[in-house]
Amino acid sequence: MLKIENVSKSFGALIAVNDVSFNLGDTGISGLIGPNGSGKTTLFHLITGFYKLDTGNIHFLDQRINGLPPHIISRKGIVRTFQQTRVLPFLSSLDNLITAAPNQLGENLLPLFFQPSKVALQETQNCEKAESILETLGLLKLKDSPAGDLSYGQQKLLEIGRVLMADPKLIILDEPTAGINPTLIRHLVTILENLRDQSIKIFLIEHNMPLVTELCDKIFVMDSGSLIFSGTPSEVQNNSRVIEAYLGRMADAADA
Amino acid sequence: MDYFYHILIICLIYSIFAQSLNLELGFTGLYNFGHIAFFGIGAYTSALLSLNGVPIPLAVVGAITLAGIAGALLAIPTLRLSGDYFGIATLVFAEMIHLIFLNERDITRGPMGLPNIPRPDWIGSGISSLPLFLAVTFFAATITFILLRRITNSPYGRSLKVIREDEFVAQALGKNTSLIKTKAIVVGSVLAGLAGVIWAHYITYISPADFTLQETILVLLCVVLGGKGTHPGPVVGAFVIIFFAEFIRFIPIPSEYVRFVAPLQGMVYGFILVIMMLKRPQGLISESRKFATTNA
């Protein structure tokens with residue numbers, strides 16, 4: 001599905017991502033972990049086209065996607081959320097979702113004048129789809145509220161709903177559970193597991209280790225820009241390099 | 001009464017101009033500080049073509065087409081710039097166009113301007129033509145209003161607002177943001193050109209001094225005061241501002257002070273703009289947060 005080959009990216013003297021290669025294969029939910037500053041978010045920006053890579057190649061469904069602009073990569077089926085939630089605060093929750101619908105005829109000017117009924121029909125269908133997504137997220141009663149009025153956790157859910165609206169093949173989530181309460185985290189886990197059952201692939205960055213080991217089928221570990229290990233959750237937990245690089249520091253933090 | 005007709009015509013021309021800016025500034029969040037350039041291109045093109053014997057309807061079409069092309073030419077390089085830099089680039093563009101009007105004397109007659117711009121025979125000239133000209137302007141303003149409402153109450157209009165709120169999100173959701181913004185600028189420029197065309201054939205005399213930053217600030221004020229991102233906002237803003245501008249002409253000022261007070265006119269608009277920004281940034285009419293075109 002997603003294959004990353006020898007990808008590097010530097011910002012001046014800082015090597016943010018250093019010769020990283022891996023293949024997501026058919027894994028349902030893949031996790032990317034690593035200490036802060038290890039290059040995880042940079043890698044996500046490279047995959048989604050928001051950063052240009054210095055070297056290497058990224059293939060998605062056997063097509064090279066590096067060098068393509070972000071909107072083309074998104075249309076190919078890789079849809080992302082952002083680390084800091086980025087809902088559209090002045091648009092209603094419903095509009096936040098509808099806007100993500102793919103191939104909207106009414107986003108072109110001429111059909112607005114020459115095929116208005118077709119545009120309206122598509123809009124109605126998208127509206128129904130958005131409402132059903134809002135319902136599964138438990139946000140339906142907030143559909144007319146400006147997204148900016150939602151709680152932080154609800155905004156995180158709304159962002160995931162927005163991604164789903166885009167008919168993704170691969171969802172890229174940057175810290176989906178950061179800053180949301182345990183009840184919402186359980187809700188989110190259910191949603192992600194349902195997506196896996198619908199064979200939508202998920203690739204996520206997450207710091208919540210119990211959650212990562214519970215949810216992910218495969219885990220990739222980065223440290224200082226390099227991929228240092230990949231394997232199943234139990235392999236990762238027992239690998240001394242990973243413990244040293246990541247879990248070890250977590251333990252230090254817990255002691256402190 | 002004739003004076004009243006005159007003011008209404010000016011209000012309606014400015015309402016077209018303000019609505020065209022609102023598409024860029026209000027809906028898309030593009031701070032175009034050079035919008036007067038397209039008004040000027042429309043006015044000069046239509047004036048020059050009709051003065052050189054081109055039938056007026058063709059001159060009008062030529063003028064708004066050229067304004068649209070100029071919009072695309074401005075959009076393609078400047079849309080790479082973000083926020084403030086886009087504003088500066090458009091400001092410079094308007095100054096360039098102003099200098100072309102001023103210095104290409106062989107074509108534009110430079111500072112002497114273009115007098116005796118013809119009008120269609122069926123409208124005629126002089127005071128007796130005012131009601132008919134008013135009707136034509138009203139028609140154009142109404143068409144503009146309907147056109148822009150159709151364009152913005154749509155998935156396209158929603159994508160404009162998404163770009164305004166967060167361009168990265170728009171890209172992450174598969175929106176070709178440069179193309180969408182370019183279209184907005186082209187449509188905005190065509191309609192600004194239309195306003196300029198009507199202006200030129202109404203006043204029948206244009207000169208480079210009519211197309212300066214001062215006019216951009218005036219139209220900016222119409223949009224911001226009326227309520228950016230709303231449909232009636234810029235229309236309301238244009239009427240309020242033009243009536244206000246006419247009203248201050250009648251403030252009795254002793255003639256010996258006029259030369260000191262007259263330059264204050266520009267300051268008054270700036271002052272209103274600052275007050276609005278502080279006290280009511282959303283304008284007289286505020287934007288509804290609910291969109292859902294299906295409910296329209």
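Start by selecting Glu5 of chain A: directly opposite it you will find Asn57(A), which sits in β4(A). Keep in mind as you look around that this is a predicted model.

Now widen the selection to the two strands. Strand β1 of chain A covers residues 2–11, and strand β4 of chain A covers residues 55–60. They pair in the antiparallel sense over five bridges. As background, strands of a sheet pair through backbone hydrogen bonds, either parallel or antiparallel.

Next, bring in the rest of the sheet. In which order do the four strands of this open sheet stand? Follow them across as β2-β1-β4-β5 in chain A, with antiparallel pairing. Select β2 (14–23) and β5 (63–64) of chain A to see the edges: each has a single partner strand, so one side of each is left without a neighbour in the sheet.

Is α1(A) mostly covered or mostly uncovered? It is mostly covered, with seven of its eight residues buried. To see them, pick Lys40(A), Thr42(A), Leu43(A), Phe44(A), His45(A), Leu46(A) and Ile47(A). Then step just past the end of α1(A) to Gly49(A), where phi is positive, at about 85 degrees.

Time to move to chain B. Select helix α3 (residues 56–78) and helix α9 (residues 177–203) of chain B. They pack at an angle of about 145 degrees, their axes 7 Å apart, and the crossing of α3(B) and α9(B) is right-handed. Colour the contact of α3(B) with α9(B) by class and you get 15 nonpolar, six polar and one charged residues.

For the last stop, show both chains together. Here 26 residues of chain B are in contact with 32 residues of chain A. Which helix gives the largest share of the side of chain B that touches chain A? Select α7(B), which supplies seven residues. Helices α6 (130–152), α7 (155–165) and α8 (167–172) of chain B each supply at least two residues of that side. Colouring this side of chain B by class shows 10 nonpolar, seven polar and nine charged residues.

Note on methods. Residues are numbered from 1 along each chain as its sequence is written. Chains are lettered from A and ligands numbered from 1 in the order in which they are written. This is a predicted model: local features need pLDDT of at least 70, side-chain atom pairs count only at pLDDT 80 or more; totals for chains, interfaces and linings use all residues. Two strands pair if DSSP finds at least two bridges between them. A residue is buried if 20 or more other C-beta atoms lie within 10 Å of its own, exposed if 12 or fewer, and partly exposed in between; C-beta atoms are placed from the backbone. Axes are lines fitted to C-alpha atoms, for helices over the stretch in contact, and angles run from 0 to 180 degrees between N-to-C directions. A crossing is left-handed if the near helix is turned anticlockwise from the far one by less than a right angle, and right-handed if clockwise. Ala, Val, Leu, Ile, Met, Phe, Trp, Tyr, Cys and Pro count as nonpolar, Asp, Glu, Lys and Arg as charged, and the others, Gly among them, as polar. Two residues are in contact if their C-beta atoms, placed from the backbone, lie within 7 Å.
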